[in-house]
Amino acid sequence: MSKPKPGYPEDKMPYPTVEVDIPRDRCHFCGEGGKLTSCQGFCRRAFCTKCLVEADATFTPTPEGEIAPKYHCPECEENKG
């Protein structure tokens with residue numbers, strides 16, 4: 001098992017600490033590919049816009065051609081050190 005990021009409380013680990021390649025070419029929720037937003041938090045999961053709009057009330061899609069701000073999924077946001 002790998003060590004959690006420094007400052008991340010081990011008792012609040014929402015995901016396994018085993019080092020694995022997280023598939024970031026498919027949405028974590030629906031499994032579809034396409035334009036994805038990756039969580040920049042601990043989980044590093046990818047999500048499609050449709051699923052993010054449905055699952056995260058704080059998510060606002062970035063207009064085409066603009067640079068998206070760093071995104072943290074609700075679980076990573078809640079478990080920030």
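Student: Where does arginine 44 lie?

Tutor: Arginine 44 sits in the loop between β1 and β2. A word on conventions: this is a predicted model, where local features need pLDDT of at least 70, side-chain atom pairs count only at pLDDT 80 or more, and totals for chains, interfaces and linings use all residues. Numbering starts from 1 along each chain as its sequence is written, and side-chain values use heavy atoms, with hydrogens and water left out.

Student: How do you know what counts as a strand or a helix?

Tutor: Both are DSSP runs numbered from the N terminus: helices are H or I with at least four residues, strands are E with at least two. By that rule the protein has two helices and two strands, in the order β-β-α-α from the N terminus on.

Student: What makes arginine 44 partly exposed?

Tutor: Buried means under 20% relative accessible area, exposed over 50%, and partly exposed in between (1.4 Å probe, protein chains only). Arginine 44 has 33% relative accessibility, so it counts as partly exposed. Its backbone is worth a look too: phi is positive, about 60 degrees, although arginine 44 is not a glycine. Most residues other than glycine have a negative phi.

Student: Why is glycine 34 called exposed?

Tutor: Glycine 34 has a relative accessible area of 66%, so it counts as exposed. Glycine 34 is placed in the segment before β1.

Student: What makes phenylalanine 47 and tyrosine 71 an aromatic pair?

Tutor: Rings of Phe, Tyr and Trp (its six-membered ring) pair if their centres lie within 6.5 Å; planes under 30 degrees apart are stacked, over 60 edge-to-face, and the rest tilted. By this rule there are three aromatic pairs. Phenylalanine 47 and tyrosine 71 form one that is edge-to-face, at 6.3 Å centre to centre and 75 degrees between the planes. Phenylalanine 47 lies in strand β2 (residues 46-48) and tyrosine 71 in the loop between α1 (49-55) and α2 (74-78), so the pair ties together parts 24 residues apart in sequence.

Student: Are these two residues buried or exposed?

Tutor: Phenylalanine 47, at 2% relative accessibility, counts as buried, and so does tyrosine 71 at 9%.

Student: Why is the pair of phenylalanine 59 and tyrosine 71 called edge-to-face?

Tutor: Their ring centres are 5.6 Å apart and their planes are at 85 degrees, so this pair is edge-to-face. Ring pairs link Phe29, Phe47, Phe59 and Tyr71 into a cluster.

Student: What makes the lining of the second largest pocket nonpolar, polar or charged?

Tutor: Ala, Val, Leu, Ile, Met, Phe, Trp, Tyr, Cys and Pro count as nonpolar, Asp, Glu, Lys and Arg as charged, and the others, Gly among them, as polar. The lining then has seven nonpolar, six polar and three charged residues. A pocket is an open set of points on a 1 Å grid over the protein atoms alone, where a 1.4 Å probe fits, with protein on both sides within 12 Å along at least five of seven lines; lining residues have an atom within 4 Å of a point. Here 16 residues line the second largest pocket, and Thr37, Phe59, Pro61, Thr62 and Ala68 lie nearest its centre.
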